[in-house]
Amino acid sequence: MRAARLIKMVLLLQSRPAMTAAELAAELEVSERTVTRDAQALSEAGVPVYAERGRAGGYRLIGGYRTRLTGLARNEAEALFLSGLPSALREMGLEDAASAARLKVSAALLPSVRDASASAAQRFHLDAPSWYHEPEPPELLPAVADAVWDDRLLRARYRKGGGRENGRNGREVARELAPYGLVLKAGVWYLCAKAGDDFRVYRIDRFTSVEPADERFERDETFDLPAFWDARAAEFARSLLRTEVTVRVSESGARQLAFTGDRAAAATALSEAPPAGPDGWRTVVLPVESLDVAYSQLLSLGPELEVVAPEELRGRFAAAVERLSDLYR
């Protein structure tokens, strides 16, 4: 533990002109007294750490000292490629590895570009979760992530057809999985894994238990995680569209249609619709999840959309218009 801290202290001093005892204590998560003792230990070991006293004082390396302790460990190198996802790193338990990797890279850079990482971090930030939802990291995510990194089989119990997100418990099943990759989508974590001969997608928050096996699996090198996820996500979105409604939309309504539900389905429906009539309106057959969902989504277009069929949905819109008319009359 202390050896790792001493190495980190050297790398910190190597990456910056000087640091105060308070700054080092904050970075190393120790007391200033411990920083003083560590600096003395480094000096006795031949590392030229120089202490300047006074209000503007601090610690620095003298004589252009450079350590060769900048080689990245494997977990640090892997975490480095995820350094733009701070919340994801934290939830997977990789925050410390990423911090060490960034520090080693910074220490190896020329002084003229050493502030590049801080400069970029102040200009670009990725916030993955969606608005109005406080992300709750799944408790079992770090264990699943470890198995993914290590190509280790997982014995898991999983809730099917329910979960915390919809208030149902669901049926619990046991699975042995080859965990290929993790995906963070709108604040929700998913595992892409091979179960038997098939690749499947599992919500991490539906796992009730996971146990890494002793044996590892041999990865299929042809498996492409981004391509698999894109295909499965598109397939899932299409599977939700179980019914159709016929609507007439104005030119403005046609532009807004993509923002009411599935964008790809709306774009396809508009491309297949006949040209607009003399009044500028178009008749569109639109795939939707259900009539209830269509009602809540399409009502937002107001006077830019008319429901033609089915009659049940048209009647609900007519009733809504009557109620609105009563309110504003």
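**Close-up views of a predicted model**

**View A. Aspartate 198 and arginine 200 join their side chains in a salt bridge.** The N to O distance is 3.7 Å. A salt bridge here means a side-chain nitrogen of Lys or Arg within 4 Å of a carboxyl oxygen of Asp or Glu. Aspartate 198 is partly exposed, with 40% relative accessibility. Arginine 200 is partly exposed too, at 40%. Buried stands for under 20% relative accessible area, exposed for over 50%, and partly exposed for in between (1.4 Å probe, protein chains only). The model is predicted, so to speak of local features takes pLDDT of at least 70 and side-chain atom pairs need pLDDT 80 or more, while totals for chains, interfaces and linings use all residues. Residues are numbered from 1 along each chain as its sequence is written, and side-chain values use heavy atoms, leaving out hydrogens and water.

**View B. Arginine 155 and glutamate 215 form a salt bridge between two strands.** Their side chains meet at 3.3 Å, N to O. Arginine 155 belongs to strand 3 (residues 152-160) and glutamate 215 to strand 7 (residues 207-216), so this pair ties together parts 60 residues apart in sequence. Helices (H or I, at least four residues) and strands (E, at least two) are DSSP runs, numbered from the N terminus. How accessible is arginine 155? Its relative accessibility is 36%, which counts as partly exposed. Glutamate 215 also has 36% and is partly exposed.

View C. Arginine 60 meets glutamate 52 at 3.2 Å, N to O. Arginine 60 has a relative accessible area of 28%, so it is partly exposed. Glutamate 52 has 33% and is partly exposed. Elsewhere, salt bridges link Arg248, Asp279, Glu306 and Arg314 in a network. The count of salt bridges comes to 17.

View D. In what order do the strands stand? The order is 6-5-4-3-7, and the pairing is antiparallel. Strand 6 (198-203) and strand 7 are the edges, each pairing on one side only. Two strands pair if DSSP finds at least two bridges between them. On average, neighbouring strands of the sheet are turned by 45° against each other, direction ignored. Strands 3 and 7 pair over 6 bridges in the antiparallel sense. Within this view, arginine 155 stands opposite glutamate 211 of strand 7.

View E. Helix 8 (residues 141-150) touches strand 3, strand 4 (171-185), strand 5 (188-195) and strand 7. Its direction makes about 70° with that of strand 4. Helix 9 (residues 225-240) touches strand 4, strand 5 and strand 6. The direction of helix 9 makes about 75° with that of strand 6. Contact means heavy atoms within 4.5 Å. Axes are lines fitted to C-alpha atoms, for helices over the stretch in contact, and angles run from 0 to 180 degrees between N-to-C directions.

View F. Is strand 5 mostly covered or mostly open? Strand 5 is mostly covered, with 6 of its 8 residues buried. Strands 4 and 5 run antiparallel, joined by 7 bridges. Glycine 181 has cysteine 192 of strand 5 as its bridge partner. The hairpin of strands 4 and 5 has 2 residues between the strands, and alanine 186 there takes a positive phi near 50°. Strands 5 and 6 are also antiparallel, with 6 bridges. Leucine 191 stands opposite tyrosine 202 in strand 6. In the hairpin of strands 5 and 6, again with 2 residues between the strands, glycine 196 takes a positive phi near 70°.

**View G. Helices 12 and 13 cross.** Two packed helices are described by the angle between their axes and the distance between the axes. The axes of helix 12 (residues 291-298) and helix 13 (residues 311-328) come within 10 Å and cross at roughly 35°. The crossing is right-handed. A crossing is right-handed if the near helix is turned clockwise from the far one by less than a right angle, left-handed if anticlockwise. Helix 12 makes the contact with Leu291, Asp292, Ala294, Tyr295 and Leu298.
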